[in-house]
Amino acid sequence: MDAFLQLTVSGLSTGMIYALAAVGFVVIYKASDVINFAQGDLLLFGTYLIFFGIVQLGLPWTLGVLLTLVLAAGLGLLVERTVLRPLVGEPIISMIMVTIGLSSVLRALANALWGAQPRTFPSFLPSGEVRIGTAVVGADRLIAIPLALVLLGALALFFRRSRDGVAMRAIADDQLAALSMGISIPRVFAVAWALAAVTAAVGGMMLGSIVGVSQSVAVVGLRVFPVVILGGLDSIGGAVLGGAIIGLLEVYTGAYIGHGLNLIVPYILLIVVLMIRPYGLFGKEIIERV
Amino acid sequence: MSRSEPAASSEPLLALENVEVLYDDVILVLRGLSLRVEPGSIATLLGSNGAGKTTTLKAISGLLEVEDGAVTDGAIRFDGHEIQGLAADRIVRRGIFQVVEGRRVFEHLTVRENLIAGAYTRRDRGRLAEDMDAVYEYFPRLAERSAQAAGYLSGGEQQMLALGRALMARPRLLLLDEPSLGLAPLLVEGIFEIIRRINEESGTTILLVEQNARIALSIADFGYVMEGGRIVLEGTADELRGNEDVREFYLGLGEVGRRSYRDVKHYRRRKRWLS
């Protein structure tokens, strides 16, 4: 039973990190229909930026986190302005393909700036262990769960209540109508990319704090696909639930069925979901009036 | 009644002077169109399919750009300032709001969220609740359904929402494109009654594009008839209602009985040469 609880906490914390990466992906998809293949690399930049702040600049962790968030937002804006903006109005497939190129560029850039060897930084998440009943779980993993949930909740609220959030969803629904009410599409796309980069950076920081800083973090970004396909490409709630399910599925499979299988089980699930419910658990249905 | 007769001396809120519009750099859609809309009035733009009515509205609101159209000659003046070529969001901020044809509500947003989206450019955001109440007062049906996804509203309710969304922006000039499209006659009456009230109660100037000339002229102060990208006839609503050509071709009240399509074509061609 202890092992099960430990696995559950570990799976959920990984799942919430997936959710943070996935939610950025969802935000970009919602605003512009673009599938961002560079989402994992935004995650990667999150881990390297916090390393840069805390270790290379020697900042206290609070300032390091703040700097990471600011730089990540800047990176998102820069990418939107220089790579995506010139393609507005082109077929959506062009924008999707350019994110694949972007992914390589970002990864190479991280490699050039920080090298390929794995790094670590002093964790800013509380270290030590927490006893729950008879189980012992890492405090850093435990705290990652509520932290991510709060952030995701704030994001959901942003989409329901705020002017830019509603505008983003409006653009996704009907671009011409959105334009007719003075909603500026470039501005909304820019906000979407900044948000995506920031949520990914938060996920990246947590990941870096738990498992260390290395290029392999970007691979975690690949998990975004099973997560969003399961949850629905355009649903934040779906990203959270999808993240939790994939995270748990991975650890349970690894522990109870066979190590190694945990790496492919998310993609098996992806195929199954696509076959029986292609818009995911919470994906947008097509509204038809009768 | 705030019927302002267009007089040459008064300053119009909106003036189009010899406006020419090209699509894709080659297709000439407006050929030297001129019209004026007096502050506080309702003007209507009549004409058949393809005459260029919607293009005229889009030229004013800046939405032309999305469709690779551009104003290539002439001037569009709003409140004395030239606005042709400005981006759509800048034009909305100046106080012109186009309700696009076919309602185009945001289907997955709730009624309330649609209204919030309409107020996107407003600076005095503290007064949104007040304005939302005003919209709900015009359209009680929307209040009942404020938490519902707009995609599930009926056609009439969606048209109400499209109008309500426009009101949230507090425009000085409201451009309406075929508000009667696809609605049952009784609903059309209701919608036009509200349009008249909006004009009367808030003083919002309205430029109305309509196929349904009878109902448009019933609330308008002044009207223009378009053919082939230019104005072929203009006058007060009363004058147009009395005009024989208008009676015959737009109101279906001809006294000589039904005419053949060939005669109609002939009429159009004649009008084009005359103008």
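Which ring does the charged end of A:Lys30 sit over? The ring belongs to A:Phe159, and the charged end of A:Lys30 lies 5.4 Å from its centre. This report looks at a predicted model. It starts with chain A and then turns to chain B.

## Helix 1 of chain A

Helix 1 of chain A runs over residues 2–32 and has 31 residues. From its first C-alpha to its last, helix 1 reaches 45 Å. That is close to the 45 Å expected at 1.5 Å a residue. Helix 1 of chain A is mostly covered, with 25 of its 31 residues buried. After helix 1 comes A:Asp33, whose phi is positive, near 65°.

Take one residue of this helix. A:Ser10 is found in helix 1 of chain A. Is A:Ser10 buried or exposed? Its relative accessibility is 18%, so A:Ser10 counts as buried, the cut-off being under 20%. Leaving out residues up to four places away in sequence, A:Ser10 touches A:Arg141 and A:Val251.

## Aromatic rings

How many aromatic pairs does the structure hold over all chains? There are ten. One of them joins A:Phe4 and A:Tyr252. This pair is stacked, with 5.2 Å from centre to centre and 10° between the planes. The pair links distant parts of the chain. A:Phe4 is in helix 1 of chain A, while A:Tyr252 is in helix 11 of chain A, 248 residues apart. A:Phe4 has 34% relative accessibility, so it counts as partly exposed. A:Tyr252 also counts as partly exposed, because its relative accessibility is 22%.

A:Phe158 and A:Phe159 form an aromatic pair that is edge-to-face. Their centres are 5.4 Å apart, with 75° between the planes. How covered are these two residues? A:Phe158 counts as partly exposed at 21% relative accessibility, whereas A:Phe159 is buried, with a relative accessible area of 4%. A:Phe159 is also the residue whose ring has the charged end of A:Lys30 over it. Elsewhere, A:Phe45, A:Tyr48, A:Phe52 and A:Trp114 form one aromatic cluster.

## Helix 12 of chain A

Helix 12 of chain A covers residues 261–276. Its 16 residues should span 22 Å at 1.5 Å a residue. The end C-alpha atoms are 22 Å apart, which agrees.

Which residues of helix 12 of chain A are buried? They are A:Asn262, A:Val265, A:Pro266, A:Leu270 and A:Val273. These residues cover an arc of only 145° around the axis, so they lie on the same side of helix 12 of chain A. What do the buried residues of helix 12 pack against? Their partners are helix 10 (224–231) and helix 11 (236–257) of chain A.

## A contact across the sequence

A:Val198 has its place in helix 8 of chain A, residues 185–211. At 23% relative accessibility, A:Val198 counts as partly exposed. A:Val198 and A:Leu69 are 129 residues apart along the chain. Yet their C-alpha atoms are separated by 5.8 Å. Setting aside neighbours within four places in sequence, A:Val198 is in contact with A:Leu69, A:Ala72 and A:Ala73.

## Chain B as a whole

Chain B has 275 residues, and buried residues make up 55% of them. Its secondary structure comes to eleven helices and ten strands. Consider contacts in chain B between residues at least 6 apart in sequence: 69% of these join residues at least 24 apart. The accessible surface of chain B comes to about 12,300 Å². Of this surface, 47% belongs to carbon and sulfur atoms.

Chain B also has a charge over a ring. The charged end of B:Arg165 sits over the ring of B:Phe106, 4.7 Å from its centre.

## Positive phi in chain B

Most residues other than glycine have a negative phi. B:Asp68 has a positive value, near 60°. Where does B:Asp68 lie? B:Asp68 is in the loop between helix 1 (53–61) and strand 4 (69–78) of chain B. B:Asp68 is exposed, with a relative accessible area of 54%.

B:Arg103 is not a glycine either, and its phi is positive, about 70°. B:Arg103 is found in the loop between strand 6 (96–99) and helix 3 (111–118) of chain B. With 14% relative accessibility, B:Arg103 counts as buried.

How values were computed
Residues numbered from 1 in each chain as written. Chains lettered and ligands numbered in written order. Predicted model: local features only at pLDDT ≥ 70, side-chain atom pairs only at ≥ 80, totals over all residues. Heavy atoms only, no water. Helix = DSSP H or I, 4+ residues; strand = E, 2+ residues; numbered from the N terminus. Expected span 1.5 Å × (residues − 1). Buried < 20%, exposed > 50% of the residue type's maximum accessible area, 1.4 Å probe, protein only. Arc of directions from axis to C-beta. Contact = heavy atoms within 4.5 Å. Phe/Tyr/Trp six-rings, centres within 6.5 Å; stacked < 30°, edge-to-face > 60°. Lys NZ or Arg CZ within 6 Å of the ring centre and 35° of its normal. Areas by Shrake-Rupley, 256 points an atom, 1.4 Å probe, with all protein chains shown as cover.
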